[in-house]
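I opened this entry to get my bearings in a structure that is new to me. Below are my notes, in the order I looked things up.

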Amino acid sequence: MKGRWLIGFAGLAGQLLAISLHAQPAPRPLLCDVQADGPIPKALHQQLKYRVSKGDTVADSLLPTLHRHGYPEGEIDSLWRTSCGWQLRLRTGPAYRLRRLQIQGLAADHKLSKTTERDEVWYWPRTQQQLRSILQDYQQQGYPFASLVQDSLRYRQEPDGSVSVQVWLRLQPGKRYYLNQIILKGNLRERPQLVYNLIHLQPGDLLDRQRVNRIPSMLDNSPYYQHTSAPEIRYGPDSATLVIETEAKRANRLDGILGLLPPRLPGERIQWTGQVDLHLVSAFRAGEAITFKLDLLPNQSQNLDLRFLYPYLLGTPLSAEGGFSLLRQDTTFLNRHLTATARYAFLPQLAGTFGYRRFVSRLLSVQPWRETRWPPPPQMDSENNLWSVGFRYNSVDYLLNPSRGLWLDSDVAVGTKVTGRPAGLDSLDFTRLAARQPRQEYRLEARLYIPYGRATWLLGGRIFYLSLQEYFRNDLPFIGGNQTLRGFNENQFQASAWAIGTTELRLRLSRDAYMGVLVEGGVLEQHIYDTVTRIYPVATGFALSVPTAAGQVTLAYAVGSTQDIPFRPERGRVHLGLEARF
């Protein structure tokens, strides 16, 4: 019965594939003729053809195309289909050109103050957008009531039949306001200076309406605050007071993840993996973060990670971060990482990074290679010192469960690697190894969230490349598991380069809950001394995240396969996580 079901399913899949391969795409509608009462510019003709080829075959919907090309009196007489395609008959009317846009009272250093003489297509919505940008510029400079008054609008018929448009406006900036006071309401945990740094406004600054409007999203998207209401502006005779009401977020976090790894062979036991992550925020009321993370990995491996972040040093956009990690890989080697990073926030969404990394690796056992002269063992003692520079961009709307936005994180690290001489390898010919060599690392991670109704489509990617003259196993970073490549064991792969793509379709159940399906895959390159191996992992599964009284519960199931690992759903990886905030 099972075989018949499989045969029937395979036959149906084959029929669908054959139909899809032989199906021809529907032909695009073509615009074969345009009739008008005058000459049509080439750009307008091409745009009309493009709109029709996209299926825009309703006469009224083509009318804005005429207006955007400077024909505000244009009309579509008819649009009909013939044997060769669509035919269009229209009346363009005269072409309108903007010859002058003069704004009295505009600051002399403004970009539009010296461009009164124009010669461009006249399209009123485009001019309105330029005028709105002027008002936004003044609102950012402390003029919340700036306005533009139209003095004159003149039309003149030109000998060639076109119409010249001249516009005279008068800018009324109004009174300039400074922020005299910022009043913070709510159960705030941090000092007021941290809030000022987050919103990029301080007492004494010019009143910037755009920044004021962005305050709720900036505070709610930070690790510290939530449920921020729209700020209130109280205007006085010469200054303004800004009132912000927000609520402290339960930012301290205790995460626990439990992983289940099915046995690979009959007779083997189930392996358990786990992670404990303690994240403490603002213990000293300055917004600092202390992180302690312990990973229990397969094959009796462990990873300990400690980090400390102090934001906005001395009230500046500069943050400092330090970290230490210790990785014991079974009984083979021990890696120690020490990092120091400075991060400067150029914008609320964009920060640049500059850092130093020290990476030391030591062998735990050399017994199998004591009498070996050549080749060397797959791992070797080393000391690495690198300097890095990078950036981070974050425009997602909600960190816990984003529905839209872009997240980017990238850096480049350059430095040197010094190969050590492990005790006990006296027979090895170290003269054939590079004692000192350059080390370079390139990394890029990206996530794009696209909303579609109640669903969110996540597109992500990870790219990494390590450049060395000689590669050993303990030089290579790890990848695999719930955080990097689902469907595989934690730290299952070590690679010198990878390119991994992720697509995930999530259904938002609430602000903090979602369920979704995912597909991940890519290519890994594992370079160990003179051997290069390429691995092509592919994984699929589902994820669920819901808030409970105990905390945020996350459940993920994924199945992974490579050219050497078959796709077996019964051997899927299950991860159950609990994130408790306090």
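**Helix H2**

I began with helix H2, residues 42-53, in this predicted model. H2 has 12 residues and reaches 17 Å from its first C-alpha to its last. That is close to the 16 Å expected at 1.5 Å a residue; the expected span is 1.5 Å times one less than the number of residues. Helices (H or I, at least four residues) and strands (E, at least two) are DSSP runs, numbered from the N terminus.

I then asked which residues of H2 are buried. They are Leu-44, Leu-48, Val-52 and Ser-53. Buried means under 20% relative accessible area, exposed over 50%, and partly exposed in between (1.4 Å probe, protein chains only). An α-helix has 3.6 residues a turn, so residues three or four places apart point the same way. Just after H2, I found Gly-55 with a positive phi of about 90°.

**Ground rules**

I note that residues are numbered from 1 along each chain as its sequence is written, and that side-chain values use heavy atoms, with hydrogens and water left out. Because the model is predicted, local features need pLDDT of at least 70 and side-chain atom pairs count only at pLDDT 80 or more, while totals for chains, interfaces and linings use all residues.

**The whole chain**

I counted seven helices and 31 strands in the protein chain. The C-alpha trace spans about 100 × 70 × 55 Å along its principal axes. The radius of gyration is 32 Å, whereas a compact globule of 582 residues would have one near 25 Å. That radius is taken over C-alpha atoms, and the globule rule is 2.2 Å times the number of residues to the power 0.38. Buried residues make up 40% of the 582.

I looked at contacts next (heavy atoms within 4.5 Å). Among those between residues at least 6 apart in sequence, 56% join residues at least 24 apart.

How confident is the predictor? I used pLDDT, its confidence in each residue, from 0 to 100. The mean for the protein chain is 86, and 91% of the residues reach 70 or more. Over residues 1-26, pLDDT stays under 50. For that stretch the model has zero contacts beyond four places in sequence.

**Cores**

I looked up the largest nonpolar core and found 22 residues. Such a core is a set of buried Ala, Val, Leu, Ile, Met, Phe, Trp, Tyr and Cys residues joined through side-chain atoms within 4.5 Å. Leu-201, Ile-215, Leu-219 and Leu-242 have the most contacts inside this core. Strand S8 (178-185), helix H5 (192-199), helix H7 (215-220) and strand S11 (239-245) each supply at least two of its residues. H5 gives the most, with five residues. Apart from this core lies another, of 16 residues, among them Ile-103, Ala-146, Val-165 and Leu-169.

In soluble globular proteins, nonpolar side chains tend to be buried together.

**Helix H5**

H5 is mostly covered, with six of its eight residues buried. These are Leu-194, Val-195, Tyr-196, Asn-197, Leu-198 and Ile-199. What covers the buried residues includes S8, helix H6 (209-213), H7, S9 and S11. His-200 follows H5 and has a positive phi, near 60°.

Most residues other than glycine have a negative phi, and most peptide bonds are trans. I therefore listed some exceptions.

His-227 has a phi near 55°. It sits in the loop between strand S9 (225-226) and strand S10 (232-235). Is His-227 buried or exposed? It is exposed, because its relative accessible area is 56%.

Asp-330 has a phi near 40°. Its loop runs between strand S17 (318-329) and strand S18 (333-345). At 17% relative accessibility, Asp-330 counts as buried.

The peptide bond from Trp-374 to Pro-375 is cis, with omega near 5°. Pro-375 is in the loop between strand S19 (350-363) and strand S20 (382-394).

**Two strand residues**

Trp-86 is in strand S3 (residues 85-91). It counts as buried, at 14% relative accessibility. Leu-309 is in strand S16 (residues 301-310). Leu-309 counts as partly exposed, at 24%.

Key. pLDDT = per-residue confidence, 0-100.
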